[in-house]
Amino acid sequence: MNTEALKDLLYKIADDQLILGHRNSEWTGFGPLLEEDIAFSSMAQDKVGQSWQIYKLLEELGESEPDMVAFMRNADQFHNCQLVELPNGEYDFSLIRHFLFDMAEQIRFTHLASSSYEPLSLLAKKIKGEIKYHTMHAKIWMKQLGSATEESVSRLQNSLEEAMPYALGIFEPSKFEAELIKEDIFRGEEVIKEEWIEQISAILKETSLKMPDLNSITPVYGGRYGKHTEHLQPLLDEMSEVFKMDPTADW
Amino acid sequence: MYGGGNSFEAMKATALTDEDPVKLAEFEARIDRGEKIEPSDWMPQLYRKQLIRMIEQHAHSEIIGALPEGTWITRAPGFKRKLALMAKVQDEVGHAQLLYSAAETLGKSREDMIADLINGKSKYSNIFNYPAFTWADSCFISWLVDAGAIVNQIANSKGSYGPYCRALERICAEESFHLKYGHHCVIHLATGTKVQREMMQAAFNRWWVPMMHFFGPSDKISVHSEILMRWKVKMSSNDECRQQFLDMYVPKIWELGLTVPDDKLRKDPETGQWEFTEPDWEEFKRVINGDGPCNKERLAVRRVAEERGAWVRQALLAPKTKYVAPLA
């Protein structure tokens, strides 16, 4: 098995989960209603927990232990797509990002559940069950707010336009697409993207929102190989503020 | 998390003269028999009013209490702490949700309660008007503020109003995990590196007075209300709660090699009562009336969250909305 390709795959998935989990947790105490504070916190806990488990798979492949990997790297060592590192903004942006990202996640983990790399397929089966609730949450809110008031529709539409180039960046091809597909580790980004477009278009049709014309959008790539917005490093500095006081201490 | 020191409505001498004496006698007899009062049961207006006020203060304390600790979620060191603190603060927001629902059964809507929080009309636990400067501060809160809250809430869970008691039972079960988490964090800091130990001691030095304030003014100077005790609205005195807290936790604090910043703190072997320096009650009053280190900041955060979320709540009320699932 091509370990380098496998690590590349695991890192991008784990980093996506960690960074979006962290962003979701920032809603605690600030949600538009208490129930949404609670929902975003649940999703944050799932995602951070999932990243932890994937970093543990990486540790088995010879990488450092999860706390060091998560809390000690700099932005240019992170493989997450830029979508997840963007600030939460208003609730409309957070909801749109949650919808676009988690719909892709569900497809990704459904495919990974049949990966030839067994530790990953076992974990993906578990994660897939958790993400199901994240997408249910996103779909309920998209349908409610996506056809409610003029303000809610226009806010969501604007956020959708803003987020879409970054959302397409989720599917930035890996340097190892061919190897991963050949070894049946992963079906490849293109397969996920096609299913994703089909699924999100179907849901948007049930609302007053319009699917942006994807042909006219340039995807924001680079995140998978360390190119990030100015928002990631401050997030990491905050996350590691206490840990870095003494990384060898037991906290 | 909520301590004593509830501020109750000033009572007029005539408060009960408008009530039907037969119904009132039956109501009091039920409470004497240890029965719970339920939302659709008859109750005196004064009982309703004081309960709304108390449960509302408790609910506000949960959401405001989520703020000082919440700022440490994004900075918690390591996966274990990060996940635990997220779950802990989420519980606190969940407690607010439960408590607002309990108070709503008495006739005041959540929206009205939150509006009164923001406009300063209703209070919340004083301790959250102090800043959590360091990670150790958040550990102090998780262990000892939650411990204090449990002392108070277990007493209140034996009160007379059914919905509040049931909410409190669930809340106390969750708080007991918070306490274990907080204690675990404090143990690690208190027995850790020099930097960690100093950070923990500094947190004790900062938080001890607010912690003593947490249970409310001494019975000697606080306004008693016999009727609220008789109706099982107020279940134990501020001093009783404070003594119980000291008895349970001071030995544990000393065991960790930490110093409580009060030279006079000792247990009188004869009376079994703890002696301590009387905290500055003028400061308590000043802070509860709005002039604490963080009052303005806490309410500003809440206000901004409400304003930014207004369009979402508005959209949920829109007639076009198709509800896929029940909302509450």
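What percentage of the 251 residues of chain A count as buried? The share is 51%. The legends below describe a predicted model.

**Figure 1. Chain A is built from helices.** Chain A has 10 helices and 0 strands. Read from the N terminus, its elements run α-α-α-α-α-α-α-α-α-α. The radius of gyration of chain A is 18 Å, close to the 18 Å that the globule rule gives for 251 residues, so chain A is as compact as a globular protein of that length. Along the principal axes, its C-alpha atoms fill a box of roughly 55 × 45 × 30 Å.

**Figure 2. Helix H2 of chain A.** This helix covers residues 34-60, which makes 27 residues. From first C-alpha to last, H2 of chain A reaches 40 Å. That is close to the 39 Å expected at 1.5 Å a residue. After the helix comes A:Gly62. The phi of A:Gly62 is positive, near 105 degrees.

**Figure 3. Where chain A touches chain B.** Here 45 residues of chain A are in contact with 42 residues of chain B. Six elements of chain A give two or more residues each to this side: H1 (3-25), H2, H3 (66-72), H6, H7 (150-168) and H10 (232-239). H2 of chain A gives the most, with 10 residues. By class, the chain A side has 21 nonpolar, 12 polar and 12 charged residues. For the complex, the predictor gives an ipTM of 0.96 and a pTM of 0.94.

**Figure 4. A close-up of A:Ser121.** A:Ser121 lies in helix H6 of chain A, which spans residues 118-145. Is A:Ser121 buried or partly exposed? It counts as partly exposed, because it has 16 C-beta neighbours inside 10 Å. Leaving out residues up to four places away in sequence, A:Ser121 touches A:Leu112, A:Ala113, A:Ser114 and A:Ser115. A:Ile185 is 64 residues from A:Ser121 in sequence, yet their C-alpha atoms are 8.8 Å apart in space.

**Figure 5. The largest nonpolar core.** This core holds 156 residues. Which of them touch the most other members? They are A:Leu100, B:Ile55, B:Leu99 and B:Phe140. The largest share of the core, 13 residues, comes from helix H3 of chain B (residues 79-104). Beyond its neighbours within four places in sequence, A:Leu100 is in contact with A:Ala163, A:Ala167 and A:Ile200.

**Figure 6. Helix H3 of chain B.** Most of this helix is covered: 23 of its 26 residues are buried. At 1.5 Å a residue, H3 of chain B should span 38 Å. Its end C-alpha atoms are 38 Å apart, which agrees. Chain B has a mean pLDDT of 92, and 92% of its residues reach 70 or more.

**Figure 7. A close-up of B:Ile73.** B:Ile73 sits in the loop between helix H2 (45-70) and H3 of chain B. B:Ile73 is buried, because 26 other C-beta atoms lie within 10 Å. Its contacts involve both chains. Neighbours within four places in sequence aside, they are A:Ser25 and A:Thr28 from chain A, and B:Leu85, B:Met86 and B:Val89 from chain B. B:Gln153 is 80 residues from B:Ile73 along the chain, and 25 Å separates their C-alpha atoms.

Notes: Residues numbered from 1 in each chain as written. Chains lettered and ligands numbered in written order. Predicted model: local features only at pLDDT ≥ 70, side-chain atom pairs only at ≥ 80, totals over all residues. Helix = DSSP H or I, 4+ residues; strand = E, 2+ residues; numbered from the N terminus. Expected span 1.5 Å × (residues − 1). Buried ≥ 20, exposed ≤ 12 C-beta atoms within 10 Å, placed from the backbone. Contact = placed C-beta atoms within 7 Å. Nonpolar A, V, L, I, M, F, W, Y, C, P; charged D, E, K, R; others polar. Rg over C-alpha atoms; globule rule 2.2 N^0.38 Å. Core = buried A, V, L, I, M, F, W, Y, C linked by C-beta atoms within 7 Å. pLDDT = per-residue confidence, 0-100.
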